[in-house]
Amino acid sequence: MENTGGEKSVCRKSFTFKGENNFEIQNSRVQGGEQSSGTYKHIESNDYEFDYGGGSDNFTIIVEKSTMKFHSSGKDTI
């Protein structure tokens, strides 16, 4: 999944889903450009928790046909 724009200072450049409940993140250059990984779990409805080991974020993921919308829970930036 690639970043489609928005607030570049808070957006990840990409998420890569790897196997069962694992992921990798490539942070944007604004965020330092580092890569990290972790696990995710389904909370309810379209909400998921992504655990980086040192912290976690909640995201809402909506899949419509061949498009995936992915944003921080409670925020409008996609």
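**Figure 1. Surroundings of Y52 in the predicted model.** In this predicted model, and with neighbours within four places in sequence set aside, Y52 is in contact with R12, F15, F23, I25, S36, S37, D57 and F59. Several of these partners, including F15, F23, I25 and F59, belong together with Y52 to the largest nonpolar core.

**Figure 2. The largest nonpolar core.** Nine residues make up this core, namely F15, F23, I25, Y40, F50, Y52, F59, I61 and F70. Strands β2 (22-27) and β5 are the elements that contribute two or more residues to the core. As background to this view, buried residues account for 22% of the 78 residues in the protein chain, and the chain exposes about 5400 Å², of which carbon and sulfur atoms supply 44%.

**Figure 3. The aromatic cluster and the pair of F17 with F70.** Which residues are linked into a cluster by ring pairs? The cluster consists of F17, F23, Y40, Y48, F50, Y52, F59 and F70, and the count of aromatic pairs comes to ten. One of these pairs is formed by F17 and F70, whose ring centres lie 6.5 Å apart with 65° between the planes, an edge-to-face arrangement. The pair links distant parts of the chain, since F17 is in strand β1 (residues 12-18) and F70 is in strand β6 (residues 67-72), 53 residues apart. The two partners also fall into separate accessibility classes: F17, at 33% relative accessibility, counts as partly exposed, whereas F70, with a relative accessible area of 9%, is buried.

**Figure 4. The pair of Y40 with Y48.** The rings of Y40 and Y48 are placed with their centres 6.4 Å apart and their planes at 65°; because angles over 60 degrees count as edge-to-face, the pair is assigned to that class. Is Y40 buried or exposed? With a relative accessible area of 18%, Y40 is buried, because the limit for a buried residue is under 20%. Y48, by contrast, has 21% relative accessibility and counts as partly exposed.

Figure 5. Strand β5 (residues 56-64) and strand β6 run antiparallel and are joined by six bridges; among the residues involved, F59 has S72 as its bridge partner in β6. F59 is also a member of the largest nonpolar core and of the ring cluster. Two residues lie between the strands of this hairpin, in which K65 takes a positive phi near 55°. K65, placed in the loop between β5 and β6, counts as exposed at 85% relative accessibility.

**Figure 6. The salt bridge between K69 and E64.** How many salt bridges does a search of the whole structure find? The search finds one, and K69 forms a salt bridge with E64 in which the closest N and O atoms are 3.7 Å apart.

**Figure 7. S45 in the loop between β3 and β4.** S45 lies in the loop between β3 (35-44) and β4 (47-51), and its phi is near 45°, a positive value in a residue other than glycine. At 59% relative accessibility, S45 counts as exposed, because the class begins at values over 50%.

**Figure 8. V30 and R12.** V30 has its place in the loop between β2 and β3 and counts as exposed at 59% relative accessibility. Although V30 and R12 are 18 residues apart along the chain, their C-alpha atoms are separated by 9.5 Å. R12 is also one of the residues in contact with Y52.

**Figure 9. The chain as a whole, for orientation.** The protein chain has six strands and zero helices, so that the order of elements from the N terminus on reads β-β-β-β-β-β. Among contacts in the chain with a separation of 6 or more, 16% are between residues 24 or more positions apart.

Terms used: Residues are numbered from 1 along each chain as its sequence is written. This is a predicted model: local features need pLDDT of at least 70, side-chain atom pairs count only at pLDDT 80 or more; totals for chains, interfaces and linings use all residues. Side-chain values use heavy atoms; hydrogens and water are left out. Rings of Phe, Tyr and Trp (its six-membered ring) pair if their centres lie within 6.5 Å; planes under 30 degrees apart count as stacked, over 60 as edge-to-face and the rest as tilted. Helices (H or I, at least four residues) and strands (E, at least two) are DSSP runs, numbered from the N terminus. Buried means under 20% relative accessible area, exposed over 50%, partly exposed in between (1.4 Å probe, protein chains only). Contact means heavy atoms within 4.5 Å. Accessible areas come from the Shrake-Rupley method with a 1.4 Å probe; for residues, only the protein chains shown count as cover. Two strands pair if DSSP finds at least two bridges between them. A nonpolar core is a set of buried Ala, Val, Leu, Ile, Met, Phe, Trp, Tyr and Cys residues joined through side-chain atoms within 4.5 Å. A salt bridge is a side-chain nitrogen of Lys or Arg within 4 Å of a carboxyl oxygen of Asp or Glu.
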